[in-house]
Amino acid sequence: MTPSPPAPDHPSLPDRIPVLPLRDLVFFPHMVLPLLVGRPASVAALEEATAQADPGEGLLLLVSQADPDQEDPGATELHRVGTVVRVLQHSPLADGTLRVVFEGLRRASVERFIPGAEPDFGPGAAPLRARIQELPYPDAGSPLAPEPLALARRVERQAREYAHLHPDLPDDLTEAFGGPDHPVRLAHLVAGHLAIGAPEKQELLEADSLSATFQGLLTLLERETEILRIEERMDRQMRMRLDRDSPMGGGFIEGSMNALRKELEDDGEWAELETRIREGGLPVHARERAERELRRLTRLNPASPESGVIRGYLDWILDLPWRERSADRADVARAREVLDDGHFGLEEVKDRILDYISVLSLVGELRGPILCLVGPPGVGKTSLGRSIAQALERKFVRISLGGVRDEAEIRGHRRTYVGSLPGRILQGMRRAGTRNPVFLLDEVDKLAKDVHGDPASALLEVLDTEQNRAFQDHYLELDFDLSEVLFVATANTLSGIPEPLRDRMEVIRIPGYLDTEKRAIARAFLAPAQLRRHGLEADRFSLAPEDAGWLAETYTREAGVRDLDRCLARVARKLAREVAEGRRERTEGGVLDRTLMRAFLGPPPLLRSERDGGAERVGIATGLAWTEAGGEILEVEVAVVPGNGKIQLTGTLGDVMKESAVAAVTFARSRARGLGLPPDFHRDVDIHIHIPEGATPKDGPSAGMTIATALVSALTGIPTRSEVAMTGEITLRGRILPVGGVKEKAVAALRHGLRRVLVPMGNAPELDLLPQEVRERLAFSAVQGMDEVLKEALGGALSLDADPSPPPGSTSGSGSHSGTDPGLRLSQ
């Protein structure tokens, strides 16, 4: 921006003058300034101004737009006061725009805007013209009156100080202002060089007198000069701090000054933090800590690493829900409806959840044991947690703990570490935004432990209702109340949960879905959802119950319904492909029968093989096993061949199962007389005990009964009954000890078409807790000793004397594995 030399001779104004709108810019008289002109109407106005005039004599009216974002402003969108300018020179640029140098001549007011004719210029390119009148200052006579003269002198002095402090203005600029001897020139040049917004400059240009212009300039100059003084003082302080704190030289200081100034200019940031702390509803201890950290932050160099750490710490304190809570909707009937809509079956689980909601409706708070949903994958544990939140109308937060091995993942890292953060608990609370969400701790049985600490032990404080009122995260180091949070944990097995942690949770077992439940779930939930997800109209397709059951039996082998859902997704993708290829109409429905599903899915991989019957069952007994994926059956095979008394165990058996096999052999030897065998039969034979699927590791204390039954069958040549399965551990005296996992094992027996299950007498009370369909379709026999087992399993073809005396030299004893351990376990 260059001031023009004083020019007493101005050309006379024409009747009509082309108008060139300016965006976010106000042009003052006596200024010489290059501008880029590119809009079609502006280019046309420039061409009209220069076409009939001598070079350097073309006149234009520069007027500011009221809205700088308007691309093609009309007459109503322009200010009524502008500056008449002379076009000194113009030249085209490579991008098609024009670089034009204008000289401001005088102020003018617009009497009327005259739109141009588009046929002469093309659409959107017609210039705007205006009928104008010169706008002189009434008090700008010579000599000046005392008041304008005094104001002019004050403005000149203030402008010199402003130009001296401003880093972007040249030092010799004040010489071109002209001083009080040229008051109009002084006012316009000072106004043009002020670093203020276009609206304030437009007010100066429209001032009705020279005194008013000087008054406005004086106010603005005093304000801007004070800002520049503050900036200079802050820059000086920062240089002193950096010289003291940084080993680097002045080059570093100069190079960082712009970034530092930007940080320091934002004084409102500290005020905003202070307001949030004061009005954020923080507890007293949290507010005092936040205020202390804010005081430290304001004294620190914004470029120092500690400044960023403190700012992040304050953000965490202010973002946590210290007092915000959602209103509970403890409506038991609605909760039942929500659970039924989202989950089929699982009546026991729903009943327990409704008990908790009932208590909440009566006492207004829910404090007690933490729920732990234990069951195989795919049975709906995670979605149950989401349904609980929906029923209570609380926020839902889920964190996965699978593979977590660092205690800091739960309690957070201390702020002494670079990149430290709060633990997952407080991160989840921040996402929830309320202090009483439903908080799901997924896969709690898969926590790891190493040199970084034990995250399971860190969870003790979180899940203990007496301790979590004042939970302390290592990062925050403030007591945070978790007592209103409804924690729900999920696990596939209890064996992976440490005993102290298990003691703080109320376990709800989900054994898996029955075949009838899978059929209903496939028809009511899975198939419609997959069809809709793949762009098909679900109500136009049907899936018969028998076909859904056939799909579950032949293509899946699971306690949950994930594989079943994947199969239905494959069917839906095949149907979507037929629609995409034009072989099926999008609105066309159909029946999802076995023929269609077999064509889409290929040969069934899991056709159920018929178990051997009759004489083929000699040396074979059906046992029940527990796995993390639910219950399973497996056939124990025993072969007796001539030999010299060796015992061979195959099938990838664990130590506990090997001990069960040895105990079964010892039991058979101690009952040789009752079995009709020679007392020293074991010296002439080798016994081979094998459990198929040798690639799958197996272990657990519930195979003793099955191995003993298969061994007796092999020794006596009496086949076992194919419809009978069993689970239980034996002692050397033939007593049957209770085992765990009865519910999962019973569901597996029903799923595989068995009709009778033998369980230890100690597990008899658990039979009343089995699903009604299992109790109706399976016959259960509670047994106390091997004589009852052999009677049931061998069809009464053999009986033993009850509790015979042990042979000389032998000792009676019991197996070492019983109780609540699920028993025979397949590791997958």
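# Helices, rings and loops: a guided visit

Visitor: Where is His164 placed?
Guide: Welcome! The model here is a predicted one. Helix 3 covers residues 146–165, and the place of His164 is in helix 3.

Visitor: Is His164 buried or exposed?
Guide: A residue needs over 50% relative accessible area to be exposed. His164 has 65% relative accessibility, so His164 counts as exposed.

Visitor: How far apart in space are His164 and Leu228, C-alpha to C-alpha?
Guide: Along the sequence, His164 and Leu228 are 64 residues apart. In space, their C-alpha to C-alpha distance is 9.9 Å.

Visitor: At what angle do helix 3 and helix 4 pack?
Guide: Helix 4 takes in residues 183–193, and its axis lies 11 Å from the axis of helix 3. Their crossing is left-handed. The angle between helix 3 and helix 4 is about 30°.

Visitor: Which residues in helix 4 meet helix 3?
Guide: From helix 3 come Ala152, Val155, Glu156, Ala159 and Tyr162. By class, this contact of helix 3 with helix 4 divides into six nonpolar residues, one polar and one charged. On the helix 4 side, the residues are Leu186, Val190 and His193.

Visitor: Is the crossing of helix 18 and helix 20 left-handed or right-handed?
Guide: On the helix 18 side, the contact is made by Lys518, Ala522, Leu526, Ala527, Gln530 and Leu531. Helix 20 brings Leu564, Asp565, Leu568, Ala569, Ala572 and Leu575. The crossing of helix 18 and helix 20 is right-handed.

Visitor: By class, how many residues of the contact of helix 18 with helix 20 are nonpolar?
Guide: Let's set the other classes aside first. One residue of this contact is polar and two are charged. The nonpolar residues in the contact of helix 18 with helix 20 number nine.

Visitor: How many of the eleven residues of helix 19 are buried?
Guide: Helix 19 spans residues 545–555, and its buried residues are Asp547, Ala548, Gly549, Trp550, Leu551, Ala552, Thr554 and Tyr555. Helix 19 is largely enclosed by the rest of the structure because the number of buried residues among its eleven is eight.

Visitor: Which helices do the buried residues of helix 19 pack against?
Guide: Trp550 and Tyr555 are among the buried residues of helix 19. The partners of these buried residues are helix 18, helix 20 and helix 21 (594–601).

Visitor: Is the pair of Phe439 and Phe487 stacked, edge-to-face or tilted?
Guide: Both Phe439 and Phe487 are buried. Planes under 30 degrees apart would be stacked, and over 60 edge-to-face. The ring centres of Phe439 and Phe487 are 5.5 Å apart and the planes are at 40°, so the pair is tilted.

Visitor: Where is Glu477 found?
Guide: Glu477 has a positive phi of about 55° although it is not a glycine. Glu477 is partly exposed, with a relative accessible area of 33%. Glu477 is found in the loop between strand 11 (471–472) and strand 12 (479–480).

Visitor: And is Thr652 buried, partly exposed or exposed?
Guide: Thr652 is not a glycine, yet it has a positive phi of about 55°. The place of Thr652 is in the loop between strand 19 (647–650) and helix 22 (655–670). Its relative accessibility is 40%, so Thr652 counts as partly exposed.

Note on methods: Residues numbered from 1 in each chain as written. Predicted model: local features only at pLDDT ≥ 70, side-chain atom pairs only at ≥ 80, totals over all residues. Heavy atoms only, no water. Left-handed = near helix turned anticlockwise from the far one by under 90°. Helix = DSSP H or I, 4+ residues; strand = E, 2+ residues; numbered from the N terminus. Contact = heavy atoms within 4.5 Å. Nonpolar A, V, L, I, M, F, W, Y, C, P; charged D, E, K, R; others polar. Phe/Tyr/Trp six-rings, centres within 6.5 Å; stacked < 30°, edge-to-face > 60°. Buried < 20%, exposed > 50% of the residue type's maximum accessible area, 1.4 Å probe, protein only. Axes fitted to C-alpha atoms, helices over the stretch in contact; angles between N-to-C directions.
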